[in-house]
Amino acid sequence: QVQLVESGGGLVQPGGSLRLSCAASGSIFRLYGMGWYRQAPGKQRELVAVTNDGGNTNYADSVKGRFTISRDNAKNTVYLQMNSLKPEDTAVYYCNADGGTALGIAPRNYWGQGTQVTVSS
């Protein structure tokens, strides 16, 4: 019903920057909350940043001041600008969204396939 496709991951040196994008497509009536999660090897998936359709944002303490989440509602796209990257930011980053397909139908939660971010010298 709704597909999320991430892009923008890659290899970057410590202190560098990357911008991740997540574009939603499919039978979209309305996108509500959108966000980014990450999962490092051997660790639980954790929330990085989220934003709702009212523009409110929330960040993990570990990324506050370095990462910025934003969205372009006209393009059904959410972004994650990552600055001052650290090796501990290395993970697979997943896009997540709550999407509704019609009025009166509860939104469903969707996940992207993930994009690898590696921060290393």
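**Exercise 1.** Over the ring of which residue does the charged end of Arg45 sit, 3.7 Å from its centre?

*Solution.* Start with the rule: a charge sits over a ring if NZ of Lys or CZ of Arg is within 6 Å of the ring centre and within 35 degrees of the ring normal. The ring is that of Tyr94, with the charged end of Arg45 3.7 Å from its centre. Next, look at Trp111: the charged end of Arg45 sits over this ring too, 4.7 Å from its centre.

A word on the model: it is predicted, with local features needing pLDDT of at least 70 and side-chain atom pairs pLDDT 80 or more, while totals for chains, interfaces and linings use all residues. Residues are numbered from 1 along each chain as its sequence is written, and side-chain values use heavy atoms, leaving out hydrogens and water.

**Exercise 2.** Find how many aromatic pairs the whole structure holds, and describe them.

*Solution.* Rings of Phe, Tyr and Trp (its six-membered ring) pair if their centres lie within 6.5 Å; planes under 30 degrees apart are stacked, over 60 edge-to-face and the rest tilted. The search gives 2 pairs. Step one: Tyr37 and Trp111 have ring centres 5.1 Å apart and planes at 65 degrees, so this pair is edge-to-face. Step two: Tyr94 and Trp111 are also edge-to-face, at 6.5 Å centre to centre and 85 degrees between the planes. Step three: put together, Tyr37, Tyr94 and Trp111 form one aromatic cluster.

**Exercise 3.** Decide for Tyr37 and for Trp111: buried or partly exposed?

*Solution.* Buried means under 20% relative accessible area, exposed over 50%, partly exposed in between (1.4 Å probe, protein chains only). Tyr37, at 19%, is buried. Trp111, at 39%, is partly exposed.
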